Amino acid sequence: MTIPFIDLKSQYRRLQSEINTRIQGVLDHGAYVMGPEVADLESRLADYCNVRHAITCSSGTDALLLGLMAHDVRPGDAIFTSPFTFFATAEAIALLGATPVFVDIDPSTFNMDPDRLSEAVGRIKSQNGLSAKGIMPVGLFGLPPDFGAIDEIARDHGLFTLEDAAQSFGGEYGGRISGSLGDIGATSFFPAKPLGCYGDGGAAFTDDDELANRMKSIRIHGMGSDKYDNVRIGLNARMDTIQAAVLIAKLGIFQEEVRMRQRVAQRYAEALEGLVETPSVPEGYQSVWAQYSILSDHRDNLQASLKEQGIPCAVYYRIPCHLSEAFRHLGYREGDMPVSEAAAKRIFSLPMHPYIEDALIDRIAGIIRSSLCKT
Ligand SMILES: *Cc1c(COP(=O)(O)O)cnc(C)c1O
């Protein structure tokens, strides 16, 4: 039996009859697009993260786009974000013709370092050319960003905050759910995310009625009173009703799964102590452990040993965004984001999902231990 990096089948077996019934319900009523399950899911999501509005959409990338477009982001705007993230974060900024300004990370959290953010905002403000517009912090690997410090900088400089909670939705910061921290939060329901559907999906969250109305309009071709009354340029960014039905079933056990993930992370931390650098969670935070990412100088050897024993692992992220080919025109060079670049050389992620058994974790730690002995 192959060991999955993220096991979605155990969860499906557990929810099979509810998921099948809910999908059948959509097939029976036939409202495949913007059917009743969509509004039902949105109200459950808004309750879950204690915000006024949850707006579902077609992907996490589109949720970021909805958030940026609701803030009228355009060419000439500078948006501050992390270089150590999935490409979609910075891609959404660039798609609107705006400029991502990368801010290096804190080595202990892998999230945007607020001190570096202050410097970057000061730098942009003292240049003419770009105008500082917003901040997009990312909750990497499931750990929410340092939102208190980031929000203070945003307020001082009149910048919006758009939280990329694609990995951290379900994590907590100061008792608040990640996704509800910024003016707008965005998450992804891609199958491998902590809360995933069976295709692409996403959602944006906000307490602001005006931003919510704009995102609802942009989601359906900039609609006004109906979709043939177009008041702005928008997208086709709706969530499929079938995906909403799947998510309603999965949301019902999500809180329990978040607790199960804590147990898995705890077990990894104990089993790997002294072998590799394990992730830490600062006081006042809860991670949802989208990934369990560790650091080692012997990454390539460890990965090879694990693969040999049938244990899948992955590297997130080998190329920080500021060094990607797609952003070459921005002129960043090796050495500009030293913390991200150092992490990219040593990091890798182990299998992580709520249903991992202790025995597997111990086996993984054993393989790592004996591989390190040989090096
Ligand atoms: C997955 C992810 C996205 C994009 O979500 P999609 O649903 O795949 O479009 C954006 N940002 C981060 C940090 C992600 O991990």
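His221 is partly exposed, with a relative accessible area of 35% (buried means under 20%, exposed over 50%, partly exposed in between, with a 1.4 Å probe and protein chains only). Although His221 is not a glycine, its phi is positive, about 55°. His221 lies in the loop between α7 (209-219) and α8 (241-251).

The model is predicted: local features need pLDDT of at least 70, side-chain atom pairs count only at pLDDT 80 or more, and totals for chains, interfaces and linings use all residues. Residues are numbered from 1 along each chain as its sequence is written, and side-chain values use heavy atoms, with hydrogens and water left out.

A positive phi is also found at Phe110, near 65°. Phe110 sits in the loop between β3 (99-102) and α5 (114-126) and counts as buried at 8% relative accessibility. The two non-glycine residues are set out below.

| Residue | Phi | Relative accessible area |
|---|---|---|
| Phe110 | near 65° | 8% |
| His221 | about 55° | 35% |

The protein has twelve helices and twelve strands (DSSP runs numbered from the N terminus: helices are H or I of at least four residues, strands E of at least two). Its radius of gyration, taken over C-alpha atoms, is 21 Å, close to the 21 Å that the globule rule (2.2 Å times the number of residues to the power 0.38) gives for 375 residues, so the protein is as compact as a globular protein of that length. The C-alpha trace spans about 65 × 60 × 35 Å along the principal axes. Of the 375 residues, 55% count as buried. Among contacts (heavy atoms within 4.5 Å) between residues at least 6 apart in sequence, 70% join residues at least 24 apart.

Helix α10 (residues 299-308) has a buried side. Arg299, Leu302, Gln303, Ser305 and Leu306 of this helix are buried. These residues cover an arc of only 165° around the axis, which puts them on the same side of α10; the arc is that of the directions from the helix axis to the C-beta atoms. The face turned away from the buried side of α10 carries the exposed residues Asp300, Lys307 and Glu308. The cover over the buried residues of α10 includes α11 (338-346), β12 (347-350) and α12 (358-374).

After α10 comes Gly310, with a positive phi near 80°. In the loop between α10 and α11 lies Tyr317, and the peptide bond from Tyr316 to Tyr317 is cis, with omega near 5°.
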